[in-house]
Amino acid sequence: MSHLSPDTFVDLLDGSLAEESLPHLKACQACRQQLAELRATWEAAQGFEAPEPSPLFWDHFSARVHEAVSTEPLPTRGWRPFAHWRMALLAAGAAAVLVAAALGPLRTDTVSRGTVAPEAAAALADQAPVAEPLQEDDSLGFVADLASNINWDNSADSVLTHGDADRVLADMDAGERAELRRLLDEALGNRKI
Amino acid sequence: MVDSAAAVLQWTGEGVTDVTVRERESGPADALDMAEFSEAELVAACLEGRRGAFDLIVERHRRPVYQICYRFMGNHEDASDLSQEVFLRAFRGLKNFKGGSTLGTWLHRIAVNTCLNRLALKTPRTEPIDEMQHVDTRSESASERLLRDERAVKVRAALARLPKKQRAALILRTYQDLSHQEVAEVLGTSVGAAKANVFHALQNLKKLLGDV
């Protein structure tokens with residue numbers, strides 16, 4: 001015969017389990033005895049009352065905490081919603097601008113819309129101006145640095161939808177917007193799209 | 001392409017409302033504004049720099065935090081000091097509060113850890129019963145009061161001798177009236193382990209108290 005488990009005794013003490021629901025308890029004198037002792041101990045423990053301080057104490061207490069907290073720097077959220085998105089969008093947007101700027105002359109001068117035969121495409125590719133190596137572009141380096149800080153695994157379930165760009169931009173602080181402006185200015189000014 | 005880039009630039013200009021977090025002075029009017037705030041709203045307000053929101057959090061939770069500290073330390077002075085430390089730690093760590101549990105449960109966790117840390121450093125001075133002048137005893141007869149005081153002394157001494165986790169589980173469940181789920185969250189254990197701690201705490205308490 002297996003006796004009641006500690007979990008069951010605690011549930012019985014709590015009243016979350018009714019004694020009548022346990023046939024074993026009716027049959028087992030040892031478990032009944034243990035339950036009675038635990039209940040008596042539980043009730044005895046209730047006798048340890050924490051004193052209720054005076055109302056004056058609470059006023060002083062709150063004032064002390066307020067004073068102590070006022071010397072602390074303000075807490076700011078370490079993780080903010082859209083923080084990764086903002087970085088991702090900033091990096092992606094800047095990268096798109098830079099890539100478009102790099103490929104801009106190729107697209108407007110030599111590539112026409114429509115189907116191109118493979119031979120013709122190969123010929124066009126040979127004639128196409130070569131974009132400067134990406135590694136030498138400082139702005140792209142900055143974007144690469146930004147992108148390297150993004151945990152793409154954690155961002156995988158975050159799918160950008162319509163309006164997200166607006167929200168992300170609205171959520172940027174002045175410094176971030178200034179950086180984006182500088183980046184875009186630099187890209188647009190340098191590349192003359 | 002140019003148009004989109006221009007549109008992006010326009011967003012970054014002066015015309016866009018600055019929605020960044022700003023610190024602002026919190027006065028009585030600010031506290032009044034927040035009186036009806038939920039806990040989540042108070043936390044958010046704190047993180048926006050409204051210090052008055054934290055005053056309200058203190059006001060709402062100071063009693064249970066003090067009580068838990070008192071149960072651990074057994075005297076008013078330590079309980080008062082530790083309660084202040086609990087709220088200071090809470091303020092510093094508020095940015096890490098994710099809302100996975102209630103603010104109360106989170107504060108209980110800080111309180112338990114703060115008390116256990118203190119107990120690891122020093123044995124608290126147990127307050128003589130007659131120093132507990134702030135207990136309201138007006139409705140009791142002298143004999144009732146004597147009996148209650150004797151019981152309180154015995155229980156307090158026995159509690160102090162329980163292993164840490166058992167003591168914490170019993171205090172949280174018996175006195176703070178937390179559910180087993182909440183006790184488990186505070187202690188960082190499973191619900192089964194929390195119940196087992198309560199069970200063993202009661203068994204040990206029974207031995208320590210003798211005949212009850």
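Me: Which residues does Ala111(B) touch, not counting residues up to four places away in sequence?

Reply: Touching, or contact, is judged by C-beta atoms placed from the backbone, with a cut-off of within 7 Å. With residues up to four places away in sequence left out, Ala111(B) touches Val65(B), Ile68(B), Cys69(B) and Val86(B). This is a predicted model: local features need pLDDT of at least 70, side-chain atom pairs count only at pLDDT 80 or more, and totals for chains, interfaces and linings use all residues. Residues are numbered from 1 along each chain as its sequence is written, while chains are lettered from A and ligands numbered from 1 in the order in which they are written.

Me: Which members of the largest nonpolar core touch the most other members?

Reply: In soluble globular proteins, nonpolar side chains tend to be buried together. A nonpolar core is a set of buried Ala, Val, Leu, Ile, Met, Phe, Trp, Tyr and Cys residues joined through C-beta atoms within 7 Å. Here the largest core has 65 residues, and Cys69(B), Val86(B), Ala111(B), Ala169(B), Val183(B) and Val198(B) touch the most other members. H4(B) gives the most to this core, with 12 residues. Another core, of 5 residues, lies apart from it and includes Val97(A), Leu98(A), Leu183(A) and Leu184(A).

Me: Is Ile171(B) buried or exposed?

Reply: A residue is buried if 20 or more other C-beta atoms lie within 10 Å of its own, exposed if 12 or fewer, and partly exposed in between. Ile171(B) has 27 other C-beta atoms within 10 Å, so Ile171(B) is buried. Its place is in helix H8 (residues 164–175) of chain B. Not counting residues up to four places away in sequence, Ile171(B) touches Ile68(B), Arg71(B), Phe72(B) and Gln176(B).

Me: At roughly what angle do H1(A) and H3(A) cross?

Reply: Two packed helices are described by the angle between their axes and the distance between the axes. The axes of H1(A) (residues 6–14) and H3(A) (residues 29–45) come within 10 Å and cross at roughly 55°. H1(A) and H3(A) are therefore oblique to each other; angles under 35 degrees count as roughly parallel, over 145 as roughly antiparallel, 65 to 115 as roughly perpendicular and the rest as oblique. Phe9(A), Leu12(A) and Leu13(A) of H1(A) make the contact with Gln34(A), Leu35(A), Leu38(A), Arg39(A) and Trp42(A) of H3(A).

Me: Where do the axes of H4(B) and H6(B) stand by comparison?

Reply: H4(B) (residues 51–73) and H6(B) (residues 103–121) have axes that come within 10 Å and cross at roughly 35°. Among the residues that meet are Ile68(B) and Cys69(B) in H4(B), and Ala111(B) and Val112(B) in H6(B).

Me: How many residues of chain A are in contact with chain B?

Reply: 49 residues of chain A are in contact with 59 residues of chain B. The elements of chain A that give two or more residues to this side are H1, H3, H4 (55–70), H5 (83–110), H9 (164–171) and H10 (174–191). H4(A) gives the most, with 9 residues.

Terms used. Axes fitted to C-alpha atoms, helices over the stretch in contact; angles between N-to-C directions. Helix = DSSP H or I, 4+ residues; strand = E, 2+ residues; numbered from the N terminus. Contact = placed C-beta atoms within 7 Å.
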